[in-house]
Amino acid sequence: RFQQVQSMMYDLMEWRSQLLSGTLPKDELKELKQKVTSKIDYGNKILELDLIVRDEDGNILDPDKTSVISLFHAHEEATNKITERIKEEMSKDQPDYATYSRMSSSPTHSLYVFVRNFVCRIGEDAELFMSLYDPQKLTIISENYLVRWGSRGFPKEIDMLNNLKVVFTDLGNKDLSRDKIYLVCQIVRVGRMDLKDSNSKKYTQGLRRPFGVAGNCAI
């Protein structure tokens, strides 16, 4: 029983970090909340604690605002779901090494990045998109961190000078086991269509044009 509860706690800790990261889309966020509440209700059942009845969104039903019949149906539905879950868990034949594997893969890691300066002769404003990249699978594995850089060599928000910091969260052991992870910076120029165009009557301001890309091994 201890190992069973320990495994569930590792799952809840991992899911909690994902919820707090604020990077999940709305549909995935709702799905993850349902997984969390389902896991909590299942844990309460096997520990012989009180059953909590919830609505479709996973919120606890208020007995003062919910009719007795609605509470009864919600309680009955929750009991049936948990009973089916217990049967599924009992039917699984999981060896000890599987539990250990799940426990060892659940901790999450973070990568802290402090942007001190950006040196690139552009002549106009730029947008810097920084992300983590897997060179073997040719895919980006994180959200983008946006920095708006001015044409004079300073951040557009001057109060952010020496304070451009970002933490890439929810990196699991699976990510750390990758051969390499690169920190990639994509540079987008914001201004004229053509840098050579000097006639103010011909060019249009505010156009976004790809300018360059740079990368460095981060992990």
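Trainee: Where does Leu161 sit?
Mentor: Leu161 is in the loop between β4 (145–149) and β5 (164–172). Helices (H or I, at least four residues) and strands (E, at least two) are DSSP runs, numbered from the N terminus. This is a predicted model: local features need pLDDT of at least 70, side-chain atom pairs count only at pLDDT 80 or more, and totals for chains, interfaces and linings use all residues. Residues are numbered from 1 along each chain as its sequence is written, and side-chain values use heavy atoms, with hydrogens and water left out.

Trainee: Is Leu161 buried, exposed or partly exposed?
Mentor: Leu161 is partly exposed, at 35% relative accessible area. Buried means under 20%, exposed over 50%, partly exposed in between (1.4 Å probe, protein chains only).

Trainee: Which residues make the nonpolar surface patch?
Mentor: Phe154, Ile158 and Leu161 make a patch of about 280 Å². Patch residues have over 30% relative accessible area and no salt bridge; nonpolar side chains (Val, Leu, Ile, Met, Phe, Trp, Tyr) are joined within 5 Å, like charges within 9 Å. The areas come from the Shrake-Rupley method with a 1.4 Å probe.

Trainee: Switching to salt bridges. What's the count?
Mentor: The count comes to six. The rule is a side-chain nitrogen of Lys or Arg within 4 Å of a carboxyl oxygen of Asp or Glu.

Trainee: What does Lys156 pair with?
Mentor: Lys156 forms a salt bridge with Asp125 (2.9 Å, N to O). Lys156 lies in the loop between β4 and β5 and Asp125 in strand β2, so the pair ties together parts that are 31 residues apart in sequence. Lys156 counts as partly exposed at 46% relative accessibility, and Asp125 counts as partly exposed at 23%.

Trainee: And which residue does Asp134 meet?
Mentor: Arg178, in a salt bridge of 2.5 Å, N to O. Asp134 is in strand β2 and Arg178 in the loop between α5 (173–176) and β6 (182–191), so this pair links parts that are 44 residues apart in sequence. Asp134 is buried at 3% relative accessibility. Arg178 is buried at 18%.

Trainee: What about Asp11?
Mentor: The Asp11 side chain meets that of Lys39 in a salt bridge (3.5 Å, N to O). Asp11 lies in helix α1 (residues 2–21) and Lys39 in helix α2, so they tie together parts that are 28 residues apart in sequence. Asp11 and Lys39 are both buried.

Trainee: Which residues form a network?
Mentor: Glu124, Arg189 and Arg192 are linked in a network of salt bridges.

Trainee: Back to α2. How far apart are its end C-alpha atoms?
Mentor: They are 31 Å apart. That agrees with the 30 Å that the 21 residues of α2 (residues 26–46) should span. The expected span is 1.5 Å times one less than the number of residues.

Trainee: New topic: Glu127. Buried or exposed?
Mentor: Glu127 is buried, with a relative accessible area of 13%. Glu127 is in strand β2 (residues 125–134).

Trainee: What does its side chain make a polar contact with?
Mentor: The Glu127 side chain contacts the side chain of Arg208 (2.7 Å). A polar contact is a pair of N or O atoms within 3.5 Å; within protein, one must be able to donate a hydrogen and the other to accept it, and residues adjacent in sequence count only if both atoms are side-chain atoms.

Trainee: Last one. What is phi of Leu138?
Mentor: Near 55 degrees, a positive value in a residue other than glycine. Most residues other than glycine have a negative phi. Leu138 is in the loop between β2 and β3 (139–140), and is exposed at 63% relative accessible area.
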